[in-house]
Amino acid sequence: MKLTSASTPLNAVGSNHIVQTVNIVQNKEQIPGSAVEIKSADSLSPIANARGNFLPAKQSVEGLTADNQSGCGAGEAGVDLENLKPVGFINGKPVFVVPTTTVLNTKSGFGHKLLCDFLTITAGSACVFSCAFCYVITLLQKNKYIKAILGETRLNFSDIIVRREYPVPRLREQLTSRGKPKFKHPCDNRVCYGSPLVDVAATMDLVKETVEMCLVILELTNWQIRLLSKSPLLLQVAERIPAEFKPRMIYGFSTGTLDVGMGNAIEKGTGLVSKRIEALHTLQDRGYRTYGMACPVLPQPDMKQYAVQMAQALRLDKCEDVWVEILNSRDDSMAATEKALRKGGFCSQADLFAEATRTAKDREDYARETFLAFAEVIPAKKLHFLQYVNKNTLRWWSKRKQRGAVLLGKAVPQAAY
Ligand code: SF4
């Protein structure tokens with residue numbers, strides 16, 4: 001099994017570092033059934049590692065160090081790494097394409113978050129963006145391809161982009177049986193969410209790919225589709241989907257931090273939060289279905305005031321639902337976020353963050369304060385406050401389900417879902 005092949009390149013943009021020819025990307029071509037185009041290959045750096053694979057040159061990838069330890073052993077993955085090469089770069093991050101038979105998950109845990117009816121789609125496994133608080137690696141730690149890529153390149157998860165091979169035809173395959181739609185019942189109006197692992201509108205090529213995937217779903221099912229992005233380019237997705245499907249599309253932008261500078265400090269490569277809010281308002285003004293995603297909400301000097309500000313920014317009355325979540329402790333999310341805040345010059349915010357997240361009790365207090373503030377502002381029928389609970393906190397949160405608390409984690413009795 002190969003990780004990438006010479007014939008399955010993805011978009012290669014962003015790097016101005018030159019290189020000799022690498023035999024994986026030729027001139028402009030297209031992945032069959034996909035909008036993602038292949039561009040120039042001359043952005044690949046021919047720095048071969050011990051196994052003869054091409055790795056990004058240290059100086060060619062801003063902010064990356066090729067000596068970063070990923071901690072994952074490629075050998076254990078049992079994957080043939082012979083052709084492990086980035087097929088290009090997006091925003092300076094190397095892009096890998098991995099084989100897959102699935103882009104649609106019909107039993108996704110995201111159903112418990114009420115974002116969908118246990119249906120999710122994803123065309124990628126590692127995002128174009130790099131958020132300090134991103135927890136996706138915790139979902140993919142056992143994935144053999146991710147382990148192989150990280151082990152081989154010694155890059156961190158946030159330093160790579162992983163795309164899935166031929167996502168559009170794969171999706172069509174999953175939605176049909178012998179050429180006929182499998183899920184076309186007129187009463188099957190379930191909500192499918194994209195994406196649980198990557199941003200769906202990070203670049204224009206990904207916008208086109210997302211549109212293609214949506215069109216396949218819209219044609220072959222009667223499902224609704226909920227999309228989430230940290231890029232104003234999501235507006236372009238909406239504009240490319242024919243008007244007849246407008247009632248089945250729901251759009252949201254992730255906007256946990258309303259301060260533009262602070263957003264830039266903890267999210268790398270994303271669209272300015274002000275532009276996301278602007279795009280949200282444009283969609284609302286044009287009659288699109290929208291929802292809010294205030295995630296992650298960092299500790300605030302005045303959480304009540306922040307909840308009011310957030311509701312105003314999202315235009316609460318025009319959002320069908322609003323999800324809110326604090327920053328959860330996963331992998332090194334806490335330390336990375338604090339560090340990013342300090343590096344960005346937001347020292348008082350970093351101090352507040354450190355103080356509010358030092359112990360389990362501090363984190364619980366931060367969660368409860370955030371919930372109570374947002375529950376004051378957002379009606380219970382719209383609020384979905386995502387909260388991981390344990391056996392000690394289950395009772396408190398269970399009593400707040402009527403006000404919008406959504407309980408998550410192993411401590412939640414299955415019957416409660
Ligand atoms: S946009 Fe989402 S998936 Fe992408 S890096 Fe940020 S948190 Fe992770």
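**A guided reading of the predicted model**

Visitor: Which residues are around the ligand, and what is the one charged residue among them?
Guide: The shell comprises 5 nonpolar residues, no polar ones and 1 charged residue. Around the ligand are Cys127, Phe129, Cys131, Cys134, Leu197 and Lys230.

Visitor: How many helices and strands does the chain have, and what share of its residues is buried?
Guide: The chain contains 13 helices and 19 strands. Of its 417 residues, the share that counts as buried is 58%.

Visitor: What share of the contacts with a separation of 6 or more comes from residues 24 or more positions apart?
Guide: The count concerns contacts in the chain between residues with a separation of 6 or more. Within that set, residues 24 or more positions apart account for 75%.

Visitor: Which helices do the buried residues of helix H11 pack against?
Guide: Helix H11 spans residues 347–357, and its buried residues are Gln349, Ala350, Phe353, Ala354, Ala356 and Thr357. The packing partners of these buried residues are helix H7 (260–266), helix H10 (333–343) and helix H12 (360–377).

Visitor: Is Glu364 buried or exposed, and which residues is it in contact with?
Guide: Glu364 belongs to helix H12. Its relative accessible area is 12%, so Glu364 is buried, the cut-off being under 20%. Leaving aside neighbours within four places in sequence, the residues in contact with Glu364 are Gln387, Thr393 and Trp397.

Visitor: Which residue does a cis peptide bond join to Gly194, and what is omega there?
Guide: The residue in question lies in the loop between strand S12 (191–194) and helix H5 (204–220). The cis bond joins Gly194 to Ser195, with omega about -5°.

Visitor: Where does Pro296 lie, and what is omega for the peptide bond from Cys295 to Pro296?
Guide: Pro296 is part of strand S16, residues 289–297.

Visitor: Is Arg178 buried or exposed, and what is its phi?
Guide: Arg178 is located in the loop between strand S10 (176–177) and strand S11 (180–181). With a relative accessible area of 87%, Arg178 is exposed. Although Arg178 is not a glycine, its phi is positive, at about 50°.

Definitions and conventions. Residues numbered from 1 in each chain as written. Predicted model: local features only at pLDDT ≥ 70, side-chain atom pairs only at ≥ 80, totals over all residues. Heavy atoms only, no water. Near = heavy atom within 4 Å. Nonpolar A, V, L, I, M, F, W, Y, C, P; charged D, E, K, R; others polar. Helix = DSSP H or I, 4+ residues; strand = E, 2+ residues; numbered from the N terminus. Buried < 20%, exposed > 50% of the residue type's maximum accessible area, 1.4 Å probe, protein only. Contact = heavy atoms within 4.5 Å.
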